[in-house]
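Here is a friendly briefing to read alongside the structure. Keep the 3D view open and look up each residue as it comes along.

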Amino acid sequence: MRADVSERTLQQAAAELGVECRVNEPLGLHTTMGVGGPAPFLLLPKDAASLAAIVRELASSGARYRVLGAGSNVIVADEGVATPVISCARLAAVMTREGDRVRAGAGVLVPRLTREMATWGLSGMEFAEGIPGSVGGCVRMNAGAGGRWIGDLVKEVVAVTPAGDLVRRVPGPDDFGYRRSFVAREGLIVVAAVFEGRPEDPATIRERMRDSRAYRLATQPLSERSSGCIFKNPEGGSAGEVLDRLGLKGLSVGGAVLSDVHANFIVNRGGTGADVLALAERVKQEALDRAGVALSFEVEIWRDAP
Ligand code: EPU
């Protein structure tokens with residue numbers, strides 16, 4: 001491990017805090033793409049207090065670390081990473097209703113939040129039906145679909161700062177943008193978020209959810225392993241449309257294939273991290289050379305120089 005934090009100290013701290021710490025944990029097991037090598041330590045805190053304490057432990061030694069949610073927007077290289085990884089998967093996955101608002105723990109999966117809001121007759125989240133991410137990850141990247149963004153509904157975020165302090169933040173007008181948020185900008189780890197819905201008939205909300213699901217099923221390769229869209233959309237356009245026009249659907253490197261259903265998805269049919277990353281780079285280069293479009297990654301790529 002490159003980080004200064006001594007292995008013993010981190011493992012000891014985790015044990016004292018009751019935080020599970022897995023050693024040399026393969027990250028492919030924790031991502032939807034299903035590729036990638038190990039992290040030296042995977043820490044699985046169950047509550048805000050132990051998460052904050054682990055972050056303080058890492059911060060005190062100046063150690064770098066990474067944070068994983070549902071792993072649906074991360075591609076890990078075969079060599080793995082040199083940093084410890086904090087997984088938010090075990091953070092309290094609870095939801096409580098507060099009038100027209102719903103407080104959801106970072107570990108709640110977005111489809112569950114969407115369904116629960118529909119049951120409570122609160123609309124606004126229908127667009128997110130089927131987004132395979134966690135509340136923490138989707139707030140961090142301001143996940144969106146069909147011109148709607150999760151950040152529009154977020155009224156409060158409880159998070160841990162890089163110094164290990166627990167804070168409560170009310171987002172301002174510039175705190176969310178296309179696939180960006182103050183959470184990522186300030187290196188925060190989301191513990192919980194509060195979403196505001198509009199009171200509406202649950203049957204009407206469910207109908208819009210069905211439409212979102214049908215659109216996604218018809219236009220995205222949901223039955224295969226992927227990380228969702230690989231590239232951000234270029235200003236005023238769609239990366240998928242650009243790649244499709246170039247005839248790149250079906251292009252493959254090893255077991256990684258550019259989907260026939262949506263050209264901005266790489267599907268993993270038994271490939272390695274190297275296959276996926278080589279295909280992504282190849283496609284990016286083609287878009288630049290042949291369409292003059294400079295694409296940037298929407299997914300996070302986790303790779304450390306050995
Ligand atoms: N298109 C093609 N060929 C393709 C893919 C798309 O011609 O292979 C065309 C479509 O026909 C449509 C246009 O491109 O006219 C836009 O396509 P789509 O509605 O699928 O939306 P997108 O811009 O490609 C965005 C988000 C998705 C989100 C969808 C649905 C980004 C990078 N992607 O895709 O988010 O689900 O809208 O609203 O912003 C993700 O973030 O992982 C993701 C999948």
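The points below cover strands, cores, aromatic pairs and salt bridges.

This is a predicted model, in which local features need pLDDT of at least 70 and side-chain atom pairs count only at pLDDT 80 or more, while totals for chains, interfaces and linings use all residues. Residues are numbered from 1 along each chain as its sequence is written, and side-chain values use heavy atoms, with hydrogens and water left out.

**Strands and a helix**

- Helices (H or I, at least four residues) and strands (E, at least two) are DSSP runs, numbered from the N terminus.
- Two strands pair if DSSP finds at least two bridges between them.
- An open sheet is built from 3 strands in the order β17-β18-β19, with antiparallel pairing.
- β17 (252-253) and β19 (266-268) are the edge strands, each with a single partner strand, so one side of each has no neighbour in the sheet.
- β17 and β18 (residues 256-258) are joined by 2 bridges, and S252 has V257 in β18 as its bridge partner.
- Helix α8 (residues 273-291) lies across β17, β18 and β19, at about 30° to β18; axes are lines fitted to C-alpha atoms, for helices over the stretch in contact (heavy atoms within 4.5 Å), and angles run from 0 to 180 degrees between N-to-C directions.
- Elsewhere, strand β1 (residues 20-26) pairs with β2 in the antiparallel sense over 6 bridges, and V23 has F41 in β2 as its bridge partner.
- β2 is also joined to β5 (residues 85-87), by 2 bridges and in parallel; here L42 stands opposite V85.

**Buried parts and cores**

- Buried means under 20% relative accessible area, exposed over 50%, and partly exposed in between (1.4 Å probe, protein chains only).
- Strand β2 (residues 38-44) has 6 of its 7 residues buried, so the rest of the structure largely encloses it.
- A nonpolar core is a set of buried Ala, Val, Leu, Ile, Met, Phe, Trp, Tyr and Cys residues joined through side-chain atoms within 4.5 Å.
- The largest nonpolar core has 50 residues, and L113, M125, V139, V157 and F195 have the most contacts inside it.
- A second, separate core of 25 residues includes V35, L277, A280 and V299.

**Aromatic pairs**

- Rings of Phe, Tyr and Trp (its six-membered ring) pair if their centres lie within 6.5 Å; planes under 30 degrees apart count as stacked, over 60 as edge-to-face and the rest as tilted.
- There are 3 aromatic pairs by this rule.
- One of them is W149 with Y178, edge-to-face at 5.7 Å centre to centre and 75° between the planes.
- W149 lies in strand β10 (residues 148-149) and Y178 in the loop between β13 (176-177) and β14 (180-181), so their pair ties together parts 29 residues apart in sequence.
- F231 and F297 have ring centres 5.1 Å apart and planes at 25°, so this pair is stacked.
- With 2% relative accessibility, F231 counts as buried.

**Salt bridges**

- A salt bridge is a side-chain nitrogen of Lys or Arg within 4 Å of a carboxyl oxygen of Asp or Glu.
- The whole structure holds 23 salt bridges.
- R66 and D304 form one of them, with their closest N and O atoms 2.9 Å apart.
- R66 lies in strand β3 (residues 66-68) and D304 in the segment after β20, so the pair ties together parts 238 residues apart in sequence.
- Both R66 and D304 are buried.
- E20, R22, E25 and R90 are linked in a network of salt bridges.
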